Amino acid sequence: MLPEQHGAIVIPNNNFFANRNGVPPRYIIIHGSAGGRRAQDIAAYFASTEGTLNPVSCHYIIGQDGTLVQCISERDGAWANGLLTKGHDSFWNVSINPNLLTIAIEHCKPSLDNSDALTGPQQLASFVLVHDICQRWGIPMRIADAEGGITGHFSLDPINRSRCPGNYPWEQLWTFLEGKKKKMLDLNDPVVRLFFTDGGNGTWKCKNGVMLQGAILIFYRSNGGPSIFGLPLANEIRLPQYPNTAIVPCERAIIAFDPERKIDAPPIHGPCYLLHIESGVGQQLLLQRSNALIHNLSAKLTQIHALSEI
Ligand SMILES: [Zn+2]
């Protein structure tokens, strides 16, 4: 398994529901480990429970030093949350196993009652991870409700897990996520309005007919939109040699969606980045485009010659 979050170390185990039985994740569940400091140790513990009477896992573990370990793919459901117990938040659908709906993040806390505050590096890793998972899966960046969102283990199991995650900086998380959201351009922005309309289902339709959607649209909106990238020139291009990636060429840059870092690995969090243009795929795309332009131009010149000879 390749890490799905930039910088994660993979220590896998087999305690998961493959492909979530087809259910996409709608929630992030925050946990506290009630013992242990190192993410690698908790990951080793999860792996050691394979085949026992109580096999357990989670998607990510964040150590007190900020080390991030991934154990389960976000596409699979981790055996992390147990079952719903009496008094659970009313928005949970009792007919669906909550492990199929959730991505679970464990935080190493040495105290058995989870009273420890997160360390600085742990808190930063946690906030960035929560934000990036929300972007990858379109999970609402707010306290969980019937539509999805973020909450703690206590929301599912208030009887046995009322102290999971225990002490967690919720207010700071909401502030962090709001700050990220505020940076995003919307369709009311006067520059955006010159070029885009609502394409339905969360998409933006450019006046040239190109549609922007999903993670690439979020990246475009979060990093300056038309003022920085110019307009998108084509719908998402899929490259057969790089599965699970997509590329959108814009007037001033080429955006890549590549959460598994198959094309390149720039030092940036999140599923999208800008392609190199002086080498590799980006250079090829530019060459193809300029060849096509030259071809077009010479065809037009031939037409003009033909007309002038009449
Ligand atoms: Zn828990």
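Residues are numbered from 1 along each chain as its sequence is written, and side-chain values use heavy atoms, with hydrogens and water left out. Because the model is predicted, local features need pLDDT of at least 70 and side-chain atom pairs count only at pLDDT 80 or more, while totals for chains, interfaces and linings use all residues.

**Domains**

Let us start with the overall layout. The domain assignment of the protein chain gives domain 1 (9–182) and domain 2 (190–275); such bounds come from an automatic or database domain assignment. Their C-alpha centres lie 29 Å apart. Where the two meet, 5 residues of domain 1 are in contact with 7 residues of domain 2, contact meaning heavy atoms within 4.5 Å. Between them the domains bury about 490 Å², with 56% of that on carbon and sulfur atoms. Buried area here is the accessible area (1.4 Å probe) that two parts lose on being put together, summed over both. On the domain 1 side, D132, Q135 and R136 lose the most area to domain 2, together 71% of what that side buries.

UniProt, in an unreviewed entry, lists residues 13–166 as "domain: N-acetylmuramoyl-L-alanine amidase". UniProt positions are given in the numbering used here, feature names are shortened, and annotations may be inferred rather than shown by experiment. In the model, this span is 21% helix and 17% strand, and its end C-alpha atoms lie 26 Å apart. Helices (H or I, at least four residues) and strands (E, at least two) are DSSP runs, numbered from the N terminus.

H31 in strand β3 (residues 27–32) and H153 in the loop between β8 and α4 are 122 residues apart, a pair that links distant parts of the chain.

**Aromatic pairs**

The structure holds 14 aromatic pairs. Rings of Phe, Tyr and Trp (its six-membered ring) pair if their centres lie within 6.5 Å; planes under 30 degrees apart count as stacked, over 60 as edge-to-face and the rest as tilted. F127 and Y168 are edge-to-face, because their ring centres are 6.4 Å apart and their planes stand at 65°. F127 sits in helix α3 (residues 120–137) and Y168 in the loop between β8 (149–152) and α4 (170–182), 41 residues apart. Y168 also forms a tilted pair with W170, 4.8 Å centre to centre and 55° between the planes. Ring pairs link F127, F154, Y168, W170, W174 and F176 into a cluster.

**Burial**

Buried means under 20% relative accessible area, exposed over 50%, partly exposed in between (1.4 Å probe, protein chains only).

| Residue | Relative accessible area | Class |
|---|---|---|
| H31 | 3% | buried |
| H153 | 4% | buried |
| F127 | 5% | buried |
| Y168 | 6% | buried |
| G63 | 0% | buried |

G63 belongs to the loop between β4 (60–62) and β5 (68–70). Leaving aside neighbours within four places in sequence, G63 is in contact with R37, A39, C108 and Q122.
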